[in-house]
Amino acid sequence: MQCSKLALALFLGAAFSASALAQTCTPKVGAEHLVSAGKLQMSINPTLPPQQFVDEKGELQGLNVELGKAIAKKLCLEPVFIRMDMPPMIPALQAGRFDMINTGMFWTEERSKLMFMIPYGQQAMSIYTVPSSTFKITKFDDLAGHVVGIETGTYQERKSREYNADMVARGLKPIDFRTFMTASETTAALRAGQLEAGINIDETAANFVERGIAKVWLSGINGTDITVTYRDKTTALAAAAALNELKADGTYDKLFDKFKMTRLKDTTFAIRGPGPAPK
C-alpha cells in the first residue's frame with residue numbers, strides 16, 4: 001500500500017512539473033505556421049563535418065545540429081531532424097514537408113526569392129587531393145582537363161561549373177566533373193583513385209585534413225554567407241529573433257568556437273531577400 005502511494009505521489013509530482021514547465025514555455029510560433037504544432041522540423045544532410053555529421057554511435061552532431069536545437073529551444077518548440085540528401089530539399093520545403101532547411105545553404109539572390117533565408121555564418125570552397133598526390137594545384141585553372149569530384153546540387157557545384165565555363169571560353173580544357181550525393185562519397189572515390197581532386201566547403205575539407213585523408217591546395221574560394229532557410233515568414237522572423245538572443249547570451253559564439261566555423265560579419269540576424277511571392 002505504501003509503495004502504491006509513493007508511486008502515485010511520484011507520478012503526480014512529475015505530471016505537475018511537466019505541466020508547470022509547459023505553462024512557463026509557450027511556443028512562440030503558432031500551429032498555423034508549422035508543419036506540426038509545437039515542433040520545428042528541420043531537414044539536414046549530415047555528411048559535412050564539422051557542420052553536420054553522424055558520430056560513431058549514429059547520433060547527429062555538428063554546428064547546425066546544436067544551433068538548430070538552440071533555435072528551437074528559444075522558440076519553445078521540439079526540434080525534429082529529417083535526414084535527407086541535398087538536391088530534393090528545396091522542393092520538399094516548398095511542398096511543406098518540413099519547416100526549415102538546416103544544412104548551411106549558401107545564400108544566393110535566386111534562392112532568396114524561393115524561401116525566407118537568414119544568413120548566420122560564412123563559408124567558402126576548397127580544392128583538395130589525397131595527401132600523397134603529386135597533382136599540384138595553385139589556381140582553379142589548374143583543374144582544366146582533370147577529373148574532379150563534387151557534391152551534386154550544391155552551391156560549390158554551381159560556382160565550379162561557372163568557373164569551368166569561363167575556363168573553356170578562354171581556350172582551356174574542360175574539367176571532367178564527377179558528381180556525388182555526399183562529401184563522404186566524393187572523398188571515398190578520391191581515395192579509391194577514381195578522382196584527381198575534390199571540391200567542397202573549407203570547413204569540411206579542413207576536417208578531412210585533420211583526419212589525414214586529404215591535402216588542401218586552395219581554400220577561401222568564392223566565400224559567401226550561409227543560411228538557415230524557412231518556408232513560412234512568421235517562423236523565419238521568430239528564428240531571426242532567436243538567433244539574435246543566442247548572439248546576445250553568448251551561445252552563438254561558443255558554438256562557432258567549438259566547431260571552428262566562421263561567424264557572420266553582420267552583427268544582427270534577419271531575413272535577406274524578398275522571399276517567395278504571396279500565393
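## A charge over a ring

Arg272 sits over the face of Trp107, 5.5 Å from the ring centre. The cut-off for that call is NZ of Lys or CZ of Arg within 6 Å of the ring centre and within 35 degrees of the ring normal.

Before going on, note that this is a predicted model: local features need pLDDT of at least 70, side-chain atom pairs count only at pLDDT 80 or more, and totals for chains, interfaces and linings use all residues. Residues are numbered from 1 along each chain as its sequence is written, and side-chain values use heavy atoms, with hydrogens and water left out.

## Aromatic pairs

How many aromatic pairs does the structure hold? There are 6, where rings of Phe, Tyr and Trp (its six-membered ring) pair if their centres lie within 6.5 Å; planes under 30 degrees apart count as stacked, over 60 as edge-to-face and the rest as tilted. Take Phe106 and Tyr155: the ring centres are 4.1 Å apart and the planes are at 20°, so this pair is stacked. The two partners come from distant parts of the chain, with Phe106 in strand β6 (residues 100-106) and Tyr155 in helix α5, 49 residues apart. Helices (H or I, at least four residues) and strands (E, at least two) are DSSP runs here, numbered from the N terminus. Phe106 is buried at 4% relative accessibility, and Tyr155 is buried too, at 7%. For the record, buried means under 20% relative accessible area, exposed over 50%, and partly exposed in between (1.4 Å probe, protein chains only).

Tyr120 and Phe256 make an edge-to-face pair, with 6.3 Å centre to centre and 70° between the planes. This one links distant parts of the chain as well: Tyr120 is in strand β7 and Phe256 in helix α9 (residues 251-258), 136 residues apart. Both Tyr120 and Phe256 are buried. They also belong to one aromatic cluster, together with Tyr252 and Phe269.

## One side of α6

Now for helix α6, which covers residues 183-191: Ala183, Thr186, Thr187, Ala189 and Leu190 are buried. Why do they fall on the same side of α6? Because they cover an arc of only 160° around the axis, the arc being that of the directions from the helix axis to the C-beta atoms. As background, an α-helix has 3.6 residues a turn, so residues three or four places apart point the same way.

What do the buried residues of α6 pack against? The list is β2 (47-48), β7 (116-129), β8 (147-151), β9 (176-180), β10 (197-201) and α7 (202-210), with contact meaning heavy atoms within 4.5 Å. After α6 comes Gly193, with a positive phi near 85°.

## The disulfide

With a disulfide taken as a pair of cysteine sulfur atoms within 2.5 Å, the count comes to 1. It joins Cys25 to Cys76, S to S 1.8 Å. Cys25 lies in the loop between α1 (2-24) and β1 (39-44), and Cys76 in the loop between α2 (63-74) and β5 (78-83), so the pair ties together parts that are 51 residues apart in sequence. Cys25 is partly exposed at 30% relative accessibility, whereas Cys76 is buried at 17%.

## Salt bridges

The structure holds 19 salt bridges, each one a side-chain nitrogen of Lys or Arg within 4 Å of a carboxyl oxygen of Asp or Glu. In one of them, the side chains of Arg158 and Glu110 meet at 3.4 Å, N to O. Arg158 belongs to helix α5 (residues 155-169) and Glu110 to helix α4 (residues 109-112), so to speak across 48 residues of chain. Is Glu110 buried or exposed? Glu110 is exposed, at 51%, while Arg158 is partly exposed, at 39%.

Arg170 and Asp141 make another bridge, 2.9 Å from N to O. Here the loop between α5 and β9 supplies Arg170 and the loop between β7 and β8 supplies Asp141, 29 residues apart. Both are partly exposed: Arg170 has 45% relative accessibility and Asp141 has 24%.

Lys247 pairs with Asp253, and their closest N and O atoms are 3.0 Å apart. Lys247 is partly exposed at 29%, and Asp253 is partly exposed at 22%.
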